[in-house]
Each structure stands twice: as C-alpha cells, then as structure tokens.
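Please open the structure in your viewer and keep the selection tool at hand.

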Amino acid sequence: MIWQRILDPLHRLLAPPVANCLTCGRMSDRSTQIHGICRDCYNEIPWIRQPRCSTCGRHIGCPDCTRTGGHERFFICNRSAVAYSPVMREWLGQYKYRGNERYSELLIMMLGQAYAVMRNEHRHADLQWTIDVITCVPVSSIRLQERGFNQAEVLAIGVAGLSQIPFRRLIIRERHTDKQSLKNRSDRIRDMMNTFEGDPDIIDSIGNILESRHRSRVNSPFRILVIDDIYTTGSTINSCARVLWGTGEVLGHPMEIYSLTWARS
Amino acid sequence: MKSTVYVIRNAGIWEIRISLDIRVDLLWWAKVSSDPLCRMVLLAKDIPLGWALKMEQWDVQVRGMDSWNVHQWKQYAIGALQEELAEEAKFNSNRSCISEKSMWIWQVKGESNVTRCLDVHSQTKMVQEQRNMELGSSMVAGELRGNSMKGRERIEQVNEQRLSEEKVQALWDSSGKDAGRGRKAGDLRQGGVMQALISEANELARVLQGRSLLAAEVDGLLAEAAPSLAGTWFTAAQLAYLQGQLVLGAGVAPAASPDRGASWQRGRKIPRCRRCGSVALGRTACATCGSAACAYCEACLAMGRSRACTLLLRGAAQPAVRGTAGGSPTEAMGRWGLSAAQSAAAGAALRFLAKPPAGGGAMPMHASQSRGGVQQKAGASETLSTSNVSRPSPSSSFFPNTWAYLGRVRRNRYVSVPSTPDRFLLWAVTGAGKTEMIFPLLASILEARGRVLVATPRKDVVLELAPRLARAFPDERIVTLYGGSEERWRSGTMTLTTTHQLMRFYQNFDLVIIDEIDAFPFHNDPMLAYAAQNACKPDGKFVYLSATPPHQLQREASRGILPHAKVPVRFHGHPLPVPSRLDMKSVAHCLQQRRIPLKLLHNLERSIKRGAQLFVFVSRIRHIEPFVVLLRHYIPGIRIEGTSSVDPKRSEKVVAFRDTQIRLLITTTILERGVTVPRSDVFILDADSGLFDEASLIQMAGRAGRSKDDPAGNVFLASAHWTSSQKGAISQIKKMNRIAQKGGYLTRDPMNR
C-alpha cells in the first residue's frame, strides 16, 4: 500500500500527459484543432462549411426562406457552426440541461471558428465589414434560477473574448415562455412575438458604442451580432432583431443585425 | 438557492441558524424560548446556501453581542464570510449579500414568559418615552451636540428598533398572499394554518425518511408521494428541520481530507460532493445563488447537478435492528432448500447479523480497512448527521479472536468467528447458489422489522433477481430501482437496486447486501463505495457476495480481520472444472493467417461431438466478426454466432444459445457472469491478455459444468504465454476444490486433473 503511494505519483510523472476526451471519455489522441476532445470526436463534428441557404445558413435546400407571405425578417442572415445531428444534440444537452459547464469551452471554440468563417464570407463583398457589438438571446429569470446560467450568454461572452469585440446585454426577456423544445413550428413562431422588449439603458449603450467607433466608419451601418445556441425556425432571433431594429430607428442610424448560432436544426 | 441566515440568542447562548422561511423561525422561537432576553437578528435575507450552512457551524461567542446594533452585526457577518468573499473577488464579483437595509433585530416575546416580557417591554417603553421627552426638550433648547452623543445613540437605537419592527410587520403582511417561491402562502400566525403546517412537516419527514435527495428530486418525490406539498414545501421543511426530523445540507460542501498529505495541508478544506463523495472541481458563476464561484460536482451529473447551493435534504437517522440468529443450519436447509455448504455459510452470516455492532461505526477509519483500495472519508457524513458515531479502535481489529485458531471443528474451519464485524464476506464459488444463500439473511432482518437492501452492479441482474425475491418473500413489499425505473419514489421493506441509485439513500438500511463486489462498476468507482457506505445505518451490517472478491478483501479474510464464510462447492455437489492449458498463438495472429491451429480445432470438435454448447471468449470486440467467419469456414454444420456489448441482438442470441439453436457462441466478457447454460464447455482465447484478470478468468471458467446433468464441463485456457493471472485462477479453483473435498461437501470423488 505504501509502495503504491510512492510509485503512483512517479508513474504519473513518467507517463505521457494523456487526459480523457470530454465527450467520449476515452483516453485517445487529442485533437490538435480543438482543445479538450479527441481526434475521433473532432472528426465526427458535422460542420456547416458551405451554407446552401444564404439567409438562414442551412446546409440543405431551404423551404423556409423561399416561402412567401411569411413574417418580416429583421435580421440579415444566420450562420451556424454545426448541423444539429444526434451527437451534437447530446453535447448541447450535456451542457444546457445536465449542466456540465466544461462543454462551454468546447462550444465557444466551435462558435469562434464559425464566426471567422462568417467574417471572411462577408469580407469578400465588403472589405471593411466588421461587427460592432455582440449580444445574446436572454433567458427568463425563472429559467435562469432553475438552470443557474444562461448558456447563450456564456457562449456570447466567450465569442466576444475570442474576437475582441465588446459584449453588451441589449435585450430583455419580458415574458416567460415554456420550453421551446417542446413546441411545434407554428406555436414557436406565435409565442415568440412580444417576448422581448427594448430598454432605455440599451439605447444609451448602443449610442456609446456608436460614438466610440473609428472616424472612418462613421457612415457605415451599425452591426450587431446576436448569438444563440440553436436556430430552428428563426422566430427567437427574429423577435430579438425586431426589438433591436426598433432601437435603431430611435437612434436614427442604419443598423444591420446578424445571427450566429451554434447549431442549425 | 438562496437562504436566510439569522442569529438567535437562546438560553444565554448565541447561535447562527439558517432558514428557508423566516416566519416559521419567528413563531418557533416565540414558542420555544425561555430566555427573557431572547433576540433574533436577521443577518441576511438571501445569501448562497453554502455560505449560510458554513456560518451555521460557527461558534458564536463575542462579548457584548447582547447590545450590538445592526451595523456591528453586519461587520461580524462580513468577517465570518471572509473566505467566501475573497473567492468572489477572485472572480471579479463585488456583490455583497449583506446589507443593513434587510437586517433587523427582533425581540422574541416568548410565550412562556409573556407577562414578564410585557413588563420589561412596558418598562423600556416608559423609559423610551421619558427619553423622547428629554430629547424633545433638548431639541426645543436647540442644542444637539456635546453630551447628547448618548442621546443620539439612544435615538438610533429607538429608530433601529422601530425600523426592525416595521420590517417584520411588512414581512407578515406580504406573506399573506405570496410568501416567495416554494413557500406556503397565508398567515402562519393563525391557528388553522399552523395546524396544517405541522401536519405537512410530519408528512414531509415521513416521506423523506432514509432518503438523501436534492431539492429538485424532492419535487419529483412529492409530485408522486404527497402532491399537496409540491411547490410549497420549504415552509414545512423548515419546521421539520427545527423539530429535528430533517437534516438540511448542501450538495457540495468543504470537507477536511483526513489521512493524505502533510499535517499542514489537512487544515485546508476542499469542496466535496455530499451525495457521491467525489471532489467537486467545477466552479462557475451561478445565477441561482448569486455566487460567482459556486462549486458543482461533475461525477454525479447524470443524477442531477449537485452544487454548493443546492439544498440536500436528509431524513433523520434511525437506530438499526438486529437480525434474529435464525436457529440451526438444518432449519435453513429445510425452509430454503439449501445445501450443506450453503447452510453452514448462511448460519455463520446469521450469527454475524445477530451480534451487536462493535465500535458503533460502519465507517472504517483506518487505511487498511478500505475496500478495494478506496479511502473512506470519515468526516464527510459526520457534519450532516446528528448522531454521535464513535470510532472503532484499530487495535481490536488487528488481533483476531484467538479462540478461532484453536480447537476448530472441521466444519467451522472455513468459517471464522467475527471479531469487530461490520462487514461479512460470503465467498461462494460460481454456481454455488449465492442468491438462495442470502434468503435466510433477508428473512432474519425482515422478521425483526428492519429494512434490507440488495445492490447489484447491473440492471439486467436486478431484473432477473426481482421475480425470484418476490417468489421467496411474497408478503414483503419489494422495490426495484434502476435508472429509469418507475418505482423511483416508492418505499418498501426490501429494496433491490443498481449501485448508482444508492446515492439517493442515507442511513436507511439495517442490512446491505452487495452482490458481485468485484464487478464493474462498483470496484473501480469510489463514488459507489461511498454511496453504499452511506446507505447503511451506522450500526447496520454489510454482507458482500462474490465468487472472486478483490485481493484486498481476500487478504483481510485470511488474516482474520474480515469475518467471512466460504462456500467452496457448487449446489449440485460436484467440484469445479479445472481449466487445462492450450498453447496457441494469439487470435490476431490466427485472423491474419486465416488459420485455426489444429490443437484448438480438435478440442472444439470433441466438445461438439459430446453434444456440449461452446462458449468461446475473446478479448476484443473487433475480433469477433472475423473469427465467426473463420470458424464457420472450418466447422460447417452447426450454427455459430458472435455477440458483444455493442450487439443489439445480444439477448436474443443468448436465448437461442440456451435453447441449443446456436451451438457455438463467440463473445467478450459481457457474458462472463450471470449466464447459466446447461452442458457447456468454455474456451478462453488470448487468456494471457491484460483484459482478462484472475477474477475474470475464474468467472468465465465458471460458465462450464453448472448443471446437475453435466457437472464436468471442459475449460481450456488458450494462450501464447503462461501468465500469473492464469496461474492464479487455476490455483484458486484447485484450492476451492480441495477445501470442498476436505469439508466433505463433495458428493462424489473429485476427478483429479
């Protein structure tokens, strides 16, 4: 027994540094691309590299965005890091519902990659394209009490750190809705109306950032990036964008709202 | 969650208490207190639960506390929470939950000395009025400086008192409609409401007896067991806590680590999960309690998140019952149909159960008593439980009872006399009928109106045992628990569960029987050992069942520290088949060459010719399919299949194998335990693989020769090298056969191989 106590730490010193992969738990080769998971798990990730629909970022043909007579869209486009495959559903579930906050680092890195792709895509058209402020979809206080954290906010703050863009809370959730994951499409769209609202402090906040921008960009539109974990119908992000759009009208400055979500379902 | 924390002066001593609903405490102390100077000071209305519980453990005695004002109390509280506030600062959060605005000091008017109190009160009132008049006149004089420093203090005191009373009054008024989340609405001061609350508290305590649940799990439990309480049980919980029927704790709390590390390190407390015993490493900003460094446990996430601010409720501990000794072994034989060897072992176990607990603890403190290399954390459960557990003295466990060594009766040779028992090992070989052997043990405790628990490592074993137990004990209420079981919240006298579910119990069982103690996952997971430990009452008993106990236990048994009984012979009275060795290249080699060595082939064909079923064990799942193809090529004419843990059709194949539709089944260690197939031979390929340890080899070998009609199955260990695990396995099997022979248990001459 005592012998073991001496040998174990020595063995650990001499052995190569291996650690468990976060998602599959095996001790295999670490991935060089993303910290924390093994190579096999990294290869399993269903990245959306080429969005087929330029509006909602879907990786397959999109019947939603070609539908006429739909609700007005207040955001320019959505891009997502991955498709919502069963494996991705498991990862998000572990983070959001189980509460394993180690996953936040992983998800933030994946979102960071997606943001880089999005930025490059837009810089083709406009070399000066850049996001001014990052915000997130808020969660109701009841849900916040229950879960203990707002996953979208954690992701947004992480991306803000990675991309050196300021993060601000710009939207307030007024009404508590039941879990979106339990509703069908039309219910989701309907319930999301009037869930969010603006705030006078927010207008000040945006105003401050506007003023602090570089002189050369004084006439370019104010770009906001809204971050959430999943994009399903786009109703959530649309409601948030509507509120932000209203704020833009009050300020009298052109505004462009973009959406970046971790998964596209 | 956030909870309230207050200080109460009772019987001359100040104590810090937490509260989930301060109204209950206001009424409680009014009823209970006999101290005329009884006072309650609300320190904080909403602070993280973990902080509140820590403050509760503080010894509060500072001179002059009796006359402190709100500000001084605030300073004291901040001082008490130095460490926590420092942690918060590290995470750049400056939120302080202690503000003078929400604090108040309340004179508790005890009902027992109402008149005296009133006098005091009216006296102070008169004095106050006098002072007011004095002040009034001096104000008229227009001077408030100089000696009216004292006057100002008095004014402050009076103001403070008035403010406090207003706050408390506001509390009562607002709680009529809505008392906050989880709390019972209504004016508790009214008799009717109070009565309802008392019965609710009793109900809650009854439902929670023996359980250890997080707040979210309590919601689930109440939804099923007591729906009227759901959503508003905080108030009832607070009352039950004050009465002593419930113990409140946090999911994760700092605990001192005992043995390891140098003495200066021992003082530092690391956060440990109270539910599963593992160190809680995750720290995160938590909106539920407002802390920026709320620790949570990652090991038991699958059962709900256990955080520093999650409320953990436990029923108060109950004393254990002692089993009846159960009479003579022949009685056991008769009633339960046990063989001679089985009933001798069962008899020893019954005597163990009937003994009073020595040393009082089912929590071994000494390093040598840890099972399977796991350190037990003694201090962890002590701070939560209210019972006083005395530690067993290490010396008495080291000297076995010398009487056992002298003058042994032949039959008792392999049954040691217990010395300081909490645990008992039933070492029964494969096929000895372990399940039947525990029936008399269960019966003895159940007859004494105790509660028993049978824990097994896997869900399918649970599902297999449940009907057998139900048949043997038709009058008892049996609860089967496993992940996803519908009986999650039921309670009964006999519980059959997988080891993970043990985390939801606390000091509930008089007898805990742990089956297959060496099997995955129990053996490797200290979390489950901790859970099993806590599920048993401190003066209850453990019984371990296994054919291949871990080396640690084997050593303890042979040294006499661990009382045990061996059952060296199978139920049908025939010896265990001793494996023979086949020298053969590795399976990977065979697959590469696409050839099967002749030696192996001959033995396979011989077994098939004698009409036996063949188990072929390989070490890796990826070998199975190619090997199936290869064998089918060599041995046409019989149905050959392969299965493993990733095979969805596994259960069907096992059934078909048992029905002899499949004659040869290639498999991994998934089938090493629990499977009984009559007339079978066993071939273990790659027996030198590191994945097959001694216990595994013995278990696999134990698949052969289980039925009465064919007790002499053949077992072959095929490998390229002769390893110590193979040697150990064969030697243990031979030893058991020898013991059986000497004990006269064999019905026939053993076939010496």
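The stops below begin with a sheet in chain A and end in chain B.

This is a predicted model, in which local features need pLDDT of at least 70, side-chain atom pairs count only at pLDDT 80 or more, and totals for chains, interfaces and linings use all residues. Residues are numbered from 1 along each chain as its sequence is written, while chains are lettered from A and ligands numbered from 1 in the order in which they are written.

**The sheet of chain A.** Select the strands (DSSP runs of E, at least two residues, numbered from the N terminus) of the open sheet β1-β6-β5-β2 in chain A, whose pairing (at least two DSSP bridges between two strands) is parallel. At the edges stand β1 (77–83) and β2 (133–136) of chain A, each with a single partner strand, so one side of each has no neighbour in the sheet. Next, select β5 (residues 222–231) of chain A: four bridges join this strand to β2(A). Here Cys136(A) stands opposite Ile227(A).

**Leu37(B).** Move to the loop between α1 (22–32) and β3 (39–48) of chain B, where Leu37(B) lies.

**Helix α12 of chain B.** Finally, select residues 340–354 of chain B, a helix (a DSSP run of H or I, at least four residues). Twelve of its 15 residues are buried, including Leu350(B), Phe352(B) and Leu353(B).

Note on methods. Expected span 1.5 Å × (residues − 1). Buried ≥ 20, exposed ≤ 12 C-beta atoms within 10 Å, placed from the backbone.
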